[in-house]
Amino acid sequence: SEIDYLKPYLDTHPEDREFLRKTVADGRVGTGGAYNQFNELNIGGEAMIRNILYGQEMHRAMLGRKSKSLALWDVFGHAPQLSQIAAKSGFTGVAWSKKITGFQPFFYDYALDGTRLLHRRVDYAYSFSCFGSGKNYSFDNFRRMTERKFQETQSFNSAVDLRINAADFTPPWTNLAGNAEKLETQKPQIRVSGQAQDLYFDGLAEEIKQGKVKPPVTSRDKLFFHVGVMMARSDLKVAHRVVENTTLTAEKFASLAYLRGAKYPDLALDKAWRQIFFGSHHDAITGTPSDSALLDLVHGYREAYDLSKGALADSLNFIAKQIDTREKSKIQNPNSAVPIVVFNPLNWTRSDTVKTKISLPEKTFDFEIRDAAGKNVAYKLNNVMVRPESGNITEAEIEFTAKDVPSIGYKSFYV
């Protein structure tokens, strides 16, 4: 579930690709369903969706498998829209680990649009007493721990359970390597698999279908865990939202420019999105990293912003050059006016403030702004450049309100 680390490794060690694909095909290694474990509460819905789309396609292309369930094990709280986004992305369930009070081990979660999806709340690492953190616990201790934890799901009449044997910076329990077959032949059966999460949701769904299990149902708040991460390193939050919105806007107008004959900036926007995904990680945008890691993240956001801003500027210039600003204009002498084209990237009609710099023809001592209907538009003059010898205005920085600019469209104004 961490492609932001896996992709650079496979890019530099192509000799390991086939081995990893084989371990995935054998069920020894699983896929997590997304590019990484994004922190939902600090990013936008589109960033969540793109993270999942990129993750699933890269899992399929690099590893030969797409996950059926979404792994968000260590994420610091979950958005109300998670179930609807995950269900519409094709997932059968979501697994997460934070000890958010009051949730059953498994349940149907209802999203804001009424979509429901199975969730599994499971301990991160094998337990919070560090079992499975690489220490060489005995085989009998492992069985006793597993069977004790199984009692929680058994109390809901379920015969299937899911446990995660891993932790930050540490490998799974070393004795698993030699005891997997033994665990699977004893009762109750403990199956060791890299794809256990998918197997669990398949098994639980079958129990529900047969009427053996009736999961609890909830739509309650599971937003916050480690609430400080919503505010720490606020620069990261601001940078992420600016870059995410700029990249989305660049995508929209680049698509329109492509339909008009421009080359789509796929490489620039692809790199921008992958930098956004990297910053979306629950141990990045949340503000948990060290100072040196913070600087790396800020640099990544800057690169993504520059790439998207450049793609957006190129697309708007390409589109603007094809607009006949004289057509349907009711102002006098439109050929002598300086046109200003204002674009709206939103999905609804928008009225908002426009700030821009304009160059004016020679012998301009004063000017006014009109809309396409010929009506005067009030403006604020923020700065002006005047030719000293003549008093002519050569450049001006202006600010005005562009009213009722159409959705994913433009409106022309004239100086």
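Predicted model: local features only at pLDDT ≥ 70, side-chain atom pairs only at ≥ 80, totals over all residues.
The packing of two helices is considered first. Helix H1, which spans residues 3–12, packs against helix H3, which spans residues 45–63, at an angle of about 30 degrees, and the two axes are 12 Å apart. Because angles under 35 degrees count as roughly parallel, H1 and H3 are roughly parallel to each other. The crossing formed by H1 and H3 is left-handed. On the H1 side the contact is made by Ile3, Leu6, Lys7 and Leu10, and on the H3 side by Gly55, Met58, His59, Met62 and Leu63. When the residues in the contact of H1 with H3 are sorted by class, six are nonpolar, two are polar and one is charged.

Phe278 has a relative accessibility of 32% and so counts as partly exposed.

An aromatic pair is also formed by Phe343 and Tyr410, with a distance of 6.1 Å from centre to centre and an angle of 55 degrees between the planes, and this pair is tilted. Phe343 belongs to strand E6 (residues 339–344) and Tyr410 to strand E12 (residues 409–414), so to speak of the pair is to speak of a link between distant parts of the chain, 67 residues apart. The relative accessible area of Tyr410 is 38%, and Tyr410 is therefore partly exposed. The peptide bond that runs from Lys187 to Pro188 is cis, with omega near -10 degrees, and Pro188 is placed in the loop between helix H6 (176–185) and helix H7 (196–209). Asn157, although not a glycine, has a positive phi of about 70 degrees, and this residue lies in the loop between helix H5 (139–154) and H6. With a relative accessibility of 54%, Asn157 counts as exposed. A positive phi, of about 50 degrees, is likewise found at Arg233, which is not a glycine and which lies in the loop between strand E5 (217–218) and helix H8 (234–259). Arg233 has a relative accessible area of 27% and is partly exposed.

Finally, Leu112 is located in the loop between strand E3 (106–110) and strand E4 (116–121), and its relative accessible area of 63% makes Leu112 an exposed residue. The C-alpha atoms of Leu112 and Gln81 are separated by 6.0 Å, with the two residues 31 positions apart along the chain. When neighbours within four places in sequence are left aside, Leu112 is in contact with Pro80, Gln81 and Gln84.

Conventions: Residues numbered from 1 in each chain as written. Heavy atoms only, no water. Axes fitted to C-alpha atoms, helices over the stretch in contact; angles between N-to-C directions. Helix = DSSP H or I, 4+ residues; strand = E, 2+ residues; numbered from the N terminus. Parallel < 35°, antiparallel > 145°, perpendicular 65-115°, else oblique. Left-handed = near helix turned anticlockwise from the far one by under 90°. Contact = heavy atoms within 4.5 Å. Nonpolar A, V, L, I, M, F, W, Y, C, P; charged D, E, K, R; others polar. Buried < 20%, exposed > 50% of the residue type's maximum accessible area, 1.4 Å probe, protein only. Phe/Tyr/Trp six-rings, centres within 6.5 Å; stacked < 30°, edge-to-face > 60°.
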